[in-house]
Amino acid sequence: MKTTTKTLALAAMLAGTTILASGAAQAKTADGKWLIYLSLSYSGNAWQSEAANIVKALAATPPFNETVELVEVISGTDPQAQISDYESMIANGADGIVSFPISSNALNRVVRRGCNEDVLFFMYDGTVTESCAYNISFLSGGFGENTAQALVNELGGKGKIFLSRGVPGNSVDERHTDGAMHIFNQYPEIEIAAEYYSYWDDRTTQQETAKALAAHPDVDGVWAQAGEFGVIQALLQANPDRLVPVTGENSAGFRLALANPDMQAKGLRGVSSGSGPAQSGFAFKIMMEILNGQRDALPDGQRNIEYPLPWVPADAVKVCEGDTFEEGCNVFTEDKVPSSFVSEVFNPELLPELSLISALDGLPTPGATIQPLPAEAVKLAPDMPGINCRGCDAPANLYELTKIEATVQP
Amino acid sequence: MMSSDTGTPERSARTEDTRTSQRISPTVVTVATIYGLVLVMILASRLISPSFGGLSQLETILYLSSFLVFCAFGQGLVILVRGLDLSVASVITVGGVLSASLMDGSNTGLLHVIPTILLACALIGIVNGIGVTVFNMPPFIMTMASGIIVYSLCLGFTGGTPRGFPAPAMNDFMQARVFGIPSPIWLLVVFAALGTLVQSFSSFGRKLTAVGNNPEAAYVAGLPARRLIIAVYGISAACAGFTGILLASYANGATLRMGDDYLLPSIAAVVVGGSSILGGRGTFLGTVGGAMLLTTLSTILSALGIGQGWKTIMEGGVILLALILLRNQVFDGLRALVMRKD
C-alpha cells in the first residue's frame with residue numbers, strides 16, 4: 001500500500017516536472033522526493049559553510065525545491081561520528097549523500113555498505129579511497145606543485161620561505177605539501193625556514209606566521225594553504241612597509257590584496273588558487289542528474305572527477321560589480337563579503353544558478369532554475385594512491401605542472 | 001593571599017626552618033622563577049635562530065601572549081574560587097563575532113559598542129555563575145554546556161561566515177606603536193598591573209581567596225560567597241569577550257574557530273603561573289608569566305623546523321618541567337639552601 005502511494009506521488013511528480021527520464025531510480029521518501037543528506041565535517045569556517053550553503057541553495061532552486069528533501073548533518077572532526085551518521089542515513093533510506101569526508105580511509109566500509117543498498121555517495125573537496133563513491137575534487141589539479149612553482153618563479157629560484165600548512169595528518173594537506181615539495185626540492189637554493197600548521201584558518205595563520213617571523217624576519221616568500229590572508233596581515237604587522245611574494249588560496253582578502261597597487265608596491269606578488277566551495281554544488285548537480293536519469297552512472301572504480309583548479313594571478317583579479325561571477329570577475333569587495341570569504345564559490349559554466357545570497361545564506365537566487373551541466377563537464381581525475389584509490393599506482397606525471405611553467409631552471 | 005605576612009595553613013604547620021621564609025615569600029619566588037624561565041628560554045633561543053634573543057622577539061612574545069593574558073585573568077579568578085571556565089573559547093568567539101557585526105567596519109558608536117559586547121559576554125558568565133552556585137552544577141559541566149550553546153548561537157547567527165569588520169580605529173590600535181612599542185603591549189602592562197591589584201591587593205581579591213580556600217568558612221564569616229562566585233564568572237566571560245574584540249581587531253575579522261586556541265592554554269597559563277588548580281591560591285603576575293612561558297615556547301618550537309608531533313611532545317614536556325620546578329617542595333629546598341648560606 002505504502003509503495004503504491006509512493007509510486008503515485010512519484011508519477012504525479014514526473015508529470016509535473018517532466019525532468020525525470022524513464023530510467024530514473026525510485027525516490028525513497030514518503031512524499032516521493034529524493035532523500036538527500038548533506039553530511040559535513042564541521043561548520044564554522046567560511047569555506048565549510050559556503051560549500052554547505054551552495055548545496056542548500058541548489059536544493060531550494062526550482063525544480064529541485066519540489067523534488068529534493070535535503071537534510072543537513074554535521075559530524076564534527078571525528079571520522080567515527082561521520083561513520084555513525086552515514087549508518088543512520090543509510091538506515092533512513094537515503095537516496096544520496098553529498099559529503100565532505102573527514103577521512104580518506106576510515107569511511108570506506110560504511111560507504112561500501114551504503115553503495116550495496118543503492119545509496120549514491122558524492123564526496124566533495126576531500127576524497128575517499130572506496131571505489132564505489134564519487135570523488136569530486138580539485139586535488140588532482142595540482143594546487144601544491146603549481147603554486148610552489150609560481151613562488152619559485154617569483155623568487156628567481158632562491159630564497160628563504162615559510163610553508164603555512166593545513167591540518168596535520170589530513171590527506172588534502174599532505175597532497176598539497178607533497179606536490180609543493182616535489183618542486184621546492186628541485187631548487188637547492190630554496191630554503192624552507194619554517195613550516196607550521198595553520199588549520200586553514202586566517203587567525204591561526206596570522207599568529208603562526210607572526211611566530212615564524214620572529215625567528216626569520218628576512219623571509220623571502222610564503223607558500224600558504226587556506227588562511228593565506230593571515231600571512232599578509234602578519235607580514236604587515238611585522239613590517240608595515242615590506243611584503244613578499246605569497247601564494248595561497250581563494251579568500252577575498254587575499255585576492256583584493258594581490259590586486260592592490262599599494263600592496264604590490266610593498267612587494268606583494270603571487271597567485272590565488274586552491275580549493276573552491278563550488279565543488280559541493282558541482283557534486284550535488286552530477287548526483288541529481290544521475291538520480292534523475294539524465295546522466296549515466298560511471299563504472300565503479302572510475303568515479304574520480306576533477307574539479308578544475310582555480311588559478312588567479314594578481315593581474316587576473318577582477319572585482320565583481322554584481323552578486324555573482326560575470327564577465328570574468330572573480331572577487332567581491334569588502335562591503336559585500338568578509339575578508340575570509342572564499343571567492344571560488346561560483347562557476348559560471350557549472351553553477352550558473354548561484355549568487356551571493358546562495359553562498360552566504362543558502363537561499364536560491366530569485367528566478368533561477370537548475371540548468372543542466374554542460375556535456376563535457378565531467379573530466380576524470382588521475383589516480384592518487386591513498387587519496388582517491390586503493391592499491392593503485394600514481395601516474396608518472398602526477399606532479400606535472402598544468403597552470404604555470406618554470407621560468408627558473410633548477 | 002600569599003602576601004608575605006601570612007602563610008597557608010599547611011605551610012605554617014611545617015616543621016622546617018620558617019624564619020628565613022619570612023624574608024622572601026614563596027609567591028615572589030614562584031613568580032620570579034617563571035620569569036626567570038622565560039628569560040632563559042629567550043636567551044637560549046639565540047642558539048636556534050640568530051634573530052632570536054633580542055628585543056624584537058620579546059616584542060612578538062609579549063604581543064602574542066597579550067591575548068592569552070586577557071582571558072587567563074578571568075580564568076585565574078574562576079580557578080581561584082575552585083571553578084573552571086570551559087566557555088572561554090566560545091565567549092571569545094562571541095566577542096569577535098559581535099565586534100565584527102556590530103562595528104561593521106565603522107568607528108561610529110565604538111564607545112557604546114565595546115561596553116555592549118563586554119556586557120553581553122558578562123551576562124553569559126553570570127548565567128554560568130548562577131548555574132554553578134544556585135543550581136549547584138559542577139563548573140566543568142555548566143561552562144561546557146553554556147559554551148556549546150553560545151557557540152551554536154554564533155554559528156546560527158552567522159550561518160558559519162561571520163560578516164563585517166571591526167572598527168578601523170580598533171585595527172589601527174592593534175597596529176599602532178607608542179614610544180616605539182606596540183600599543184597592545186602597553187595595554188598588557190596596564191592590564192597586568194590592574195589585574196594584580198584586583199587579585200592580590202583588593203578586598204575583592206582577598207574575599208575570593210577566602211572563598212577559594214574554604215567556601216563554608218567564608219560563608220560563616222559572612223562573605224556573600226554566591227554573589228562573589230557569580231561575579232567572578234561574569235568577569236571571566238567579560239575578559240574572554242575583551243580577548244575576542246582584540247583578536248578580531250588583530251585579524252581584521254572574526255572566525256568561529258578564533259577562541260579554540262585559548263581554552264586549554266588559559267588554564268595552563270594559570271597553573272604554570274603557580275596557581276593551585278584546586279583554588280584558593282594564585283597570583284595574576286604568575287599567570288602573566290605562565291602565558292609568556294607558553295607563548296615563548298611555541299615561538300621557539302615554531303622556529304625549530306621539527307615535525308608537528310615532536311613540537312607537541314616538547315610543548316608538553318616543558319610544561320611538565322615548569323610545573324615540577326614550581327612545586328613548593330623544590331622551592332623550599334632551594335630556599336633553605338640559599339638561606340643557610342647567609
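How far is the sulfur of Cys71(B) from the closest cysteine sulfur, and in which residue does that closest sulfur lie? The sulfur of Cys71(B) is 8.3 Å from that of Cys239(B), which is too far for a bond. The views below take up the cysteines of this predicted model.

In this predicted model, local features need pLDDT of at least 70 and side-chain atom pairs pLDDT 80 or more, whereas totals for chains, interfaces and linings use all residues; side-chain values use heavy atoms, without hydrogens and water. Residues are numbered from 1 along each chain as its sequence is written, and chains are lettered from A and ligands numbered from 1 in the order in which they are written.

**View 1. Chain A as a whole.** Chain A contains 13 helices and 12 strands (DSSP runs numbered from the N terminus, helices being H or I of at least four residues and strands E of at least two). Its C-alpha atoms fill a box of roughly 75 × 45 × 35 Å along the principal axes. Of the 410 residues in chain A, 62% are buried (buried means under 20% relative accessible area, exposed over 50%, and partly exposed in between, with a 1.4 Å probe and protein chains only).

**View 2. The disulfide of Cys115(A) and Cys132(A).** The whole structure holds three disulfides over all chains (a disulfide being a pair of cysteine sulfur atoms within 2.5 Å). In the pair shown here, the sulfur atoms of Cys115(A) and Cys132(A) are 2.0 Å apart. Cys115(A) lies in helix 5 (residues 108-116) and Cys132(A) in the loop between strand 4 (120-124) and strand 5 (134-137) of chain A, so that the pair, 17 residues apart, links distant parts of the chain. The torsion about the S-S bond of Cys115(A) and Cys132(A) is about 80 degrees, so this disulfide is right-handed. Both cysteines are buried.

**View 3. The disulfide of Cys320(A) and Cys329(A).** These two cysteines are joined with an S to S distance of 2.0 Å. The link is right-handed, with 95 degrees about the S-S bond. Cys320(A) is buried at a relative accessible area of 2%, and Cys329(A) is buried at 5%.

**View 4. The disulfide of Cys389(A) and Cys392(A).** Here the sulfur atoms are 1.8 Å apart, and the right-handed link has 75 degrees about the S-S bond. Cys389(A) counts as buried at 9% relative accessibility, as does Cys392(A) at 15%. In sequence order, the bonded cysteines of chain A pair as 1-2, 3-4, 5-6.

**View 5. Cysteines of chain B.** Cys71(B) is buried, with a relative accessible area of 0%. Cys154(B) is in no disulfide, the nearest cysteine sulfur, that of Cys121(B), being 8.8 Å away. Cys154(B) is buried too, at 6% relative accessible area.
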